[in-house]
Amino acid sequence: MKTSRLKTRIALALFAIAVLTIPLAARDGYIIQLLNIAMLNAIVVLGLNFATGWTGQINFGQAAFYGLGAYTTAIATKAGLPWISTPFLAVAVVVAASLVLGLPTLRLRTYYLAMTTIGFGEIVRLIIVHWEPVTGGTSGLRAIPGISLFGFGPQGQIQHYYVLIAVLAVAVLVAVRIRHSALGRAMIATKDSEIAAEQSGVDTTRTKLLAFIIGAIYAGLAGCLYASSIRFISPDSFSGIQAVLLMTMLIVGGMGSIAGCIIGAAALTLLPEALRFLGQWYLVLYGLGVIVVIVLAPGGLASIASTIRLRLAGAR
Amino acid sequence: MQMLQNSFKSAIVGAAVICLSAGVARESKADAASCASPIPLGLTTALTGNLALLGTQARNGVEFAVDEINANGGIAGKKLALTTEDTGASSTDALNAMNRILEGKPLIIFGSMISPHIFAQTVGVTKSETPFLVGATNAKVTAQGSKWLFRTHVHDGQLADLIPEYLVKSLGKTKPGIMAVADDYGLGASKGIQAALAKLNATPAAVTSYAPSDKDMSAQLLEIKDKGADSLILFGRPADVTLVIKQMNDLGIKLTTIGNASMVAQTTLNNLSAAEADGGYAIGGMIPQTSTDTKILDWAKRVQEKYKVPADNFTVSYYDTVYMLKSIIEKVGCDKPAIRDALAATKDWKGMLIYYQADARGDLAHTLGIYRNKGKTPELAGPIKESGF
């Protein structure tokens, strides 16, 4: 048992060293920017995992929360507010929005909730598109001020990379703590059987609402960092297509698995870029890859190692 | 002695002239010869997703010109090497595509006609100090303050001014309904059209829009009809313009309709009957099929044979852009600031259908075409120029 824990720790340490030294090998350009976007996606997918992976609520509104965080940050910093205030503002806006959406709708189940969250995403998109004086409409907002804490902030993509690594690490730690708390167990119980959970004294509506709000906070903070690091936002980055992509990242990575969220986000952000050499055919291979993972590893990419281990043990 | 002195002077002057001209010749050769071989060019455009129909026209125009130039020996004997990256439909993907193109350190980058993608890419390209030639139609694209960005296609601001002017002054309609696609292209134009109508003391009967993915626009059409519009200004993409015209016909709404180049695009006309298409007006970039020049018609035919889609105003614009750059590189070589300065100084450069002239913002196209469909055949009613050009 102790040996296995030691092995895990060594593997994690090696992984951390590898991740921290990537910028030494890659130049400050395409690769780093891509990894930055993958990390932002990972934070959003970690948030989605609370409601969908652990609580079993199908949520297609995550891209809209991501967009709300990004637009709040962009509008606030362009209006002259200090950057330090924007994560708090982004969180306030997404919490308010998740309460407005969650309170009346989280009693709905399965595809009814999915339909409602799709509608929410579309409402947010339409507001962004048509409220042009504030949101820039379909042209988006550009020249967004960057991250700045008392005059200091990351310059260039490599420095942003380290900031995002740190934020992702905190996001993972928070998710781990929540998973092992009473709330985390209530989420899993709600997913397994709402009736059974209620019989055991779990307030499932409250649990679902909390999962929804925590997920929205993750998305809102990621949106805040997206706007401040990419420094341009437009509605197409937070559309329904993005919502489906986030859900696919969760499913392909491994629903309910923290590692799966990161693997799924990294895989589906990097894979289309890695397949660019195929020209227009890359979408075919990309789609086939997603289908293969779903069919052969229903638990997602994160489950592959344990599946292999189990099969090997069975063969013995 | 005097004769000898004169001969000596003449010899020196003659030698100096020869040396000077040899030097000049060597310098102009050196300019073109300084280019890398092959000369690297980058293009980012939408080849997949819901904007692919538009984005491929940029690819077709650039690629067709590059292939022609290479087949004819390249520029000063150097072939052009075009790298194309797909932006998909999202600005984030457009940014990734541009970062990838920048890694290849191209001499010139062509951007697509999708304005949000260009807004996302401009900062990075400007930092790299690479001439950036785009066809994006949002008027604000060239107002970003980048010295490296140039546009070689007409923009929504020009259309928004000229469509109401033609409708009111030439067609005598003063109460139009406005219908625009609710994206960067349509909504920007709709606002401009409303402002231009106000200047002409004309009030729109109704202002409506539809989402890019909408398939039923009958509610908006009925609103326009019910509010007593005497005409329709229609601003959209070929696929949705086709649907609007078909639904107008189904609802029995007969209004003089004027719109952007989608009204006369081959992809629109291919899906309409002659009766549905007949009488529609458009103002927009120059489309090759309306030309009477056999060379241009032959070019359009060759493009269609190669890519299986008809060439449109964007294909012409991107094709012209490559040839414009060829002429600039032949003059100033492959020095990026020199190319940028030459682009900014462009005056009366003759393209396939129009002359290009740079203004202070970096806009090079100022001539548009007025078209009218005769059955399914668009006819050029005449060119119309932006005021001041």
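This is a predicted model: local features need pLDDT of at least 70, side-chain atom pairs count only at pLDDT 80 or more; totals for chains, interfaces and linings use all residues.
How many helices and how many strands are there in chain B? Chain B has 13 helices and 14 strands. Good morning, colleagues.

Let me begin with the overall form of chain B. Along its principal axes, the C-alpha trace of this chain spans about 100 × 45 × 40 Å. The chain has 389 residues, and 51% of them are buried. If we take the contacts in chain B between residues at least 6 apart in sequence, 66% of these join residues at least 24 apart.

Where the two domains meet, domain 1 of chain B contributes 11 residues and domain 2 of chain B contributes 12 residues. On the domain 1 side of that contact, there are five nonpolar residues, five polar residues and one charged residue.

I turn now to a local detail of the backbone. Which residues of chain B are joined by a cis peptide bond? They are S37(B) and P38(B), with omega at about 0°. P38(B) is located in the loop that runs between α1 (2-33) and β1 (39-45) of chain B.

Next, a set of paired strands in chain B. Strand β8, residues 231-235, and strand β9, residues 256-259, run parallel and are joined by four bridges. Within this pair, L234(B) has G259(B) of β9(B) opposite it.

Let us move to the contact between the two chains. Chain A supplies 21 residues and chain B supplies 25 residues. On the chain A side, helix α2(A), residues 30-54, gives the most, with four residues. By type, the chain A side holds seven nonpolar, nine polar and five charged residues.

As a general point, nonpolar side chains in soluble globular proteins tend to be buried together. In this model, the largest nonpolar core has 201 residues, and those touching the most other members are A42(A), I43(A), V44(A), V45(A), Y218(A), A222(A) and L246(A). Helix α2(A) provides the largest share of this core, namely 18 residues. Because domain 1 and domain 2 of chain B both give residues to the core, it lies between them.

Which residues are in contact with V45(A), once its neighbours within four places in sequence are set aside? The partners are L246(A), M249(A), L250(A), G253(A), C261(A), G264(A) and A265(A).

Another helix of chain A deserves mention. In helix α8(A), residues 182-192, the buried residues are A186(A), M187(A), A189(A), T190(A) and K191(A). The elements that cover them include α2, α9 (194-199) and α10 (204-230) of chain A.

I close with three individual residues of chain A. F150(A) has a positive phi, near 50°, although this residue is not a glycine. F150(A) sits in the loop between β1 (141-142) and α7 (156-179) of chain A. Is F150(A) buried or exposed? F150(A) is exposed, because there are 8 other C-beta atoms within 10 Å, and the limit for an exposed residue is 12 or fewer.

R231(A) likewise is a residue other than glycine with a positive phi, in this case near 65°. The loop between α10 and β2 (232-233) of chain A holds R231(A). With 18 other C-beta atoms within 10 Å, R231(A) is partly exposed.

Finally, I241(A) belongs to helix α11 of chain A, residues 240-253. I241(A) is partly exposed, with 16 other C-beta atoms within 10 Å. Between the C-alpha atoms of I241(A) and A18(A), which are 223 residues apart along the chain, the separation is 32 Å.

Thank you for your attention.

Note on methods:
Residues are numbered from 1 along each chain as its sequence is written. Chains are lettered from A and ligands numbered from 1 in the order in which they are written. Two residues are in contact if their C-beta atoms, placed from the backbone, lie within 7 Å. Helices (H or I, at least four residues) and strands (E, at least two) are DSSP runs, numbered from the N terminus. Ala, Val, Leu, Ile, Met, Phe, Trp, Tyr, Cys and Pro count as nonpolar, Asp, Glu, Lys and Arg as charged, and the others, Gly among them, as polar. A residue is buried if 20 or more other C-beta atoms lie within 10 Å of its own, exposed if 12 or fewer, and partly exposed in between; C-beta atoms are placed from the backbone. Two strands pair if DSSP finds at least two bridges between them. A nonpolar core is a set of buried Ala, Val, Leu, Ile, Met, Phe, Trp, Tyr and Cys residues joined through C-beta atoms within 7 Å. Domain bounds come from an automatic or database domain assignment.
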